[in-house]
Amino acid sequence: MGLYGVMTTSVSGMSVQSDRMGTVADNIANVDTTGYKTASTEFATLVAEGRVLEYVPGSVSTIARRGVSEQGDMTYTKSPTDLAVSGNGFFMVQSSAGTPYLTRAGSFVPNSEGELVNAAGFKLLGYSLLGGDLSSIINSPAGLEVVGSANLGMKAVPSTTGAFQVNLPAGAAVTATADLPGANAATSEYAGKTSLVTYDNLGNEVVLDIYSAKTAANTWQVAVYDHSKSSASGGFPYTGGALTTSTLTFDGTTGQLASTSPSSLSVTVPNGAALTLNLTNTTQLAGDYTPQKATANGNAPAAVDRLEISKGGIVTAIYADGSRVDAYKIPLANVASPDNLTAISGNVFATSKSSGDLQLGTANTGSLGQVVSGALEKSTVDLASELTEMVEAQRSYTANSKVFQTGAQLLDVLVNLVR
């Protein structure tokens, strides 16, 4: 058994060094692969048991490991959809077959359908916020959707808030009741008129005509009309009457709105939402009718211009008009033993019995890291160390082959003794 054992042991030694060279080759090939985690070969002794009086050579086996939990250095890019994780956690991605995996490879770009896909073709997953912030399922990828701009489309925002601040002339004449703007008569009189652009639910522009007329000392009527309903001459009378009227009262000493006066004006935009105009700084002072501020929010239909991603994983869609909508929340996944995850082609990982179950959470909370937008995690391969490893494996392989050759020579001598 002795010489045969020597040869068997040396063969196992050459075999494990071949395995070692395999991981070295894999690491060197992936030195520039985003999010790649270094593989290594660990050796384990195999001892022949049951012998006491003589030594029986054993063997050696290998166990392949990956340093999945090791953090790679960051490299920064100009693309906001390039993502990296600083700290613990993995992005959840989906294969073309719909199978969810974990990855640190965050080089995501929009495909032809607007979905964020990394270099290996895996689609980024997140929770949709378009229907409100949803609670994630901590131990399952259920509820995750492919992140992208395809479902965001164009967006029109109806006007809901604004400001209307003017100076009403303190010396204006009192208007007769029959001629007030609210009466909507052809003879209606007013001290001033301001037109304001607002938007309905479809993003159509709706021009509101706002009239102000003095009804008594320190008292004013404000009436709002839909400009599209005006007469052929562009004024009174309007079809359908006023959208709203309100009475403002002022402190005759200071010219400011009285404490009992409304400080806002509410009007429903035709085919739109309820619009509240802030009147706080409206005054009644000497001089002419002078608009100080007339604004309203809302916008016409606009397409998504770009995406922004926060440290907490919130994906915000920025529309061409500058409006912002929180569209997705990118969760981070983790397991109890990341180094025992099963590596899958495409630089992704699947959970295993040894790794522990999947746990999902919000980025930048608890033990999970933060999402870094405009950055990529480099490979954890140290090229100098791999070249050193390669030389060591070569020498060990050569040494084991010498042992095999020596054993074969000794066996040849033993066989030739009978000749």
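Predicted model: local features only at pLDDT ≥ 70, side-chain atom pairs only at ≥ 80, totals over all residues.
1. Salt-bridge count. The model holds nine salt bridges.

2. Arg 306 pairs with Asp 305, with the closest N and O atoms 3.1 Å apart. Arg 306 also forms a salt bridge with Glu 308. There the closest N and O atoms are 3.8 Å apart, and the cut-off for a salt bridge is 4 Å. Arg 306 counts as partly exposed because its relative accessibility is 39%.

3. The Glu 308 link. Glu 308 forms a salt bridge with Arg 324, and the closest N and O atoms are 2.8 Å apart. Glu 308 lies in strand β22 (residues 304–309), while Arg 324 lies in strand β24 (residues 324–329), so this pair ties together parts that are 16 residues apart in sequence. Glu 308 has a relative accessibility of 29%, so Glu 308 counts as partly exposed. Glu 308 also bonds to Arg 306, as noted above.

4. Which side chain of opposite charge is nearest to Glu 386? Arg 20 is, at 8.3 Å. Glu 386 is buried and has no salt bridge. The cut-off of 4 Å explains why Arg 20 does not qualify as a partner. Glu 386 is part of helix α2.

5. The surroundings of Glu 386. Leaving out residues up to four places away in sequence, Glu 386 touches Val 24, Asn 27, Ile 28, Thr 38 and Val 381.

6. The nonpolar patch. Val 413, Leu 414 and Leu 417 make a nonpolar surface patch of about 310 Å². Where does Val 413 sit? Val 413 is in helix α2, which spans residues 383–416. Is Val 413 buried or exposed? Val 413 counts as exposed, because its relative accessibility is 51% and the exposed class begins over 50%.

How values were computed: Residues numbered from 1 in each chain as written. Heavy atoms only, no water. Patch = residues over 30% accessible without salt bridge, like charges linked within 9 Å, V, L, I, M, F, W, Y side chains within 5 Å. Areas by Shrake-Rupley, 256 points an atom, 1.4 Å probe, with all protein chains shown as cover. Helix = DSSP H or I, 4+ residues; strand = E, 2+ residues; numbered from the N terminus. Buried < 20%, exposed > 50% of the residue type's maximum accessible area, 1.4 Å probe, protein only. Lys, Arg positive; Asp, Glu negative; His and termini not counted. Contact = heavy atoms within 4.5 Å.
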